[in-house]
Amino acid sequence: MFAIVSIAGQQFKVEEGQQIFVHRLAASEGDSVTFDTVHLIDNDGTVSIGAPNLQGASIRASVL
């Protein structure tokens with residue numbers, strides 16, 4: 001499973017357990033953040049595409 005999400009003006013392909021570096025993220029180490037600008041989700045070949053975003057979809061992450 002992966003998703004395409006916009007974070008701080010950039011698009012990222014994200015997967016569970018992946019670490020990414022995001023510029024200009026207004027959060028501190030240890031914070032939990034949620035991103036709701038999800039453009040696409042691929043769940044084992046079942047693809048959902050937003051127009052431009054998927055309603056009700058979000059990505060949760062922890063700031064390292």
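**Figure 1. Overall dimensions of the predicted model.** The radius of gyration of this predicted model is 12 Å, which agrees with the value near 11 Å that a compact globule of 64 residues would have. Taken along the principal axes, the box filled by the C-alpha atoms is roughly 35 × 20 × 20 Å. The accessible surface of the protein amounts to about 4700 Å², and carbon and sulfur atoms account for 47% of that surface. Of the 64 residues, 25% are buried. When contacts between residues at least 6 apart in sequence are considered, 47% of them join residues at least 24 apart.

**Figure 2. Secondary structure along the chain.** The protein contains six strands and zero helices. Read from the N terminus, the elements follow the order β-β-β-β-β-β. Among these strands are β1 (2–7) and β2 (10–14), β3 (32–35), and β4 (38–43). Two further strands are β5 (46–49) and β6 (59–62).

**Figure 3. The four-stranded sheet.** Four strands form an open sheet in the order β2-β1-β4-β5, and their pairing is antiparallel. The edge positions are taken by β2 and β5; each has a single partner strand, so one side of each lacks a neighbour in the sheet. From one strand to the next, the twist averages 15 degrees.

**Figure 4. Bridges on the two sides of β1.** Strand β1 is joined to β2 by five bridges, and the two strands run antiparallel. Within this pair, alanine 3 has valine 14 of β2 as its bridge partner. Strand β1 is also joined to β4, here by four bridges and again in an antiparallel arrangement. Phenylalanine 2 stands opposite aspartate 42 of β4.

Figure 5. Aspartate 42, which stands opposite phenylalanine 2, has valine 47 as its bridge partner in β5. Two residues separate β4 from β5 in the hairpin that they form. Aspartate 44 lies in the loop between these two strands. Although aspartate 44 is not a glycine, its phi is positive, at about 55 degrees. With a relative accessibility of 68%, aspartate 44 counts as exposed.

**Figure 6. Alanine 8 in the loop between β1 and β2.** Alanine 8 is located in the loop that links β1 (2–7) to β2 (10–14). This alanine has a positive phi of about 50 degrees although it is not a glycine. Alanine 8 counts as partly exposed because its relative accessibility is 29%. Leaving aside neighbours within four places in sequence, alanine 8 makes contact with Val22, His23 and Arg24. Alanine 26 is 18 residues away from alanine 8 along the chain, and the C-alpha atoms of the two are separated by 8.8 Å.

**Figure 7. The largest nonpolar core.** In soluble globular proteins, nonpolar side chains tend to be buried together. The largest nonpolar core of this protein has 12 residues: Ala3, Val5, Ile7, Phe12, Val14, Val22, Val33, Phe35, Val38, Leu54, Ala57 and Val63. Strands β1, β2 and β3 are the elements that supply two or more residues to this core. The contribution of β1 is the greatest, at three residues. Alanine 3 and valine 14 both belong to the core, and the two residues are also bridge partners between β1 and β2.

**Figure 8. Surroundings of valine 38.** Valine 38 is one of the residues of the largest nonpolar core. Apart from neighbours within four places in sequence, valine 38 is in contact with Ala3, Ile4, Val5, Pro52, Asn53, Leu54, Ala57, Ser58 and Ile59. Among these contact partners, Ala3, Val5, Leu54 and Ala57 are likewise members of the core.

Figure 9. Alanine 51 and proline 52 are joined by a cis peptide bond, with omega about 0 degrees. Proline 52 is placed in the loop between β5 (46–49) and β6 (59–62). Proline 52 is also included among the residues in contact with valine 38.

Technical notes: Residues numbered from 1 in each chain as written. Predicted model: local features only at pLDDT ≥ 70, side-chain atom pairs only at ≥ 80, totals over all residues. Heavy atoms only, no water. Rg over C-alpha atoms; globule rule 2.2 N^0.38 Å. Buried < 20%, exposed > 50% of the residue type's maximum accessible area, 1.4 Å probe, protein only. Contact = heavy atoms within 4.5 Å. Areas by Shrake-Rupley, 256 points an atom, 1.4 Å probe, with all protein chains shown as cover. Pairing = 2+ DSSP bridges. Core = buried A, V, L, I, M, F, W, Y, C linked by side-chain atoms within 4.5 Å. Axes fitted to C-alpha atoms, helices over the stretch in contact; angles between N-to-C directions.
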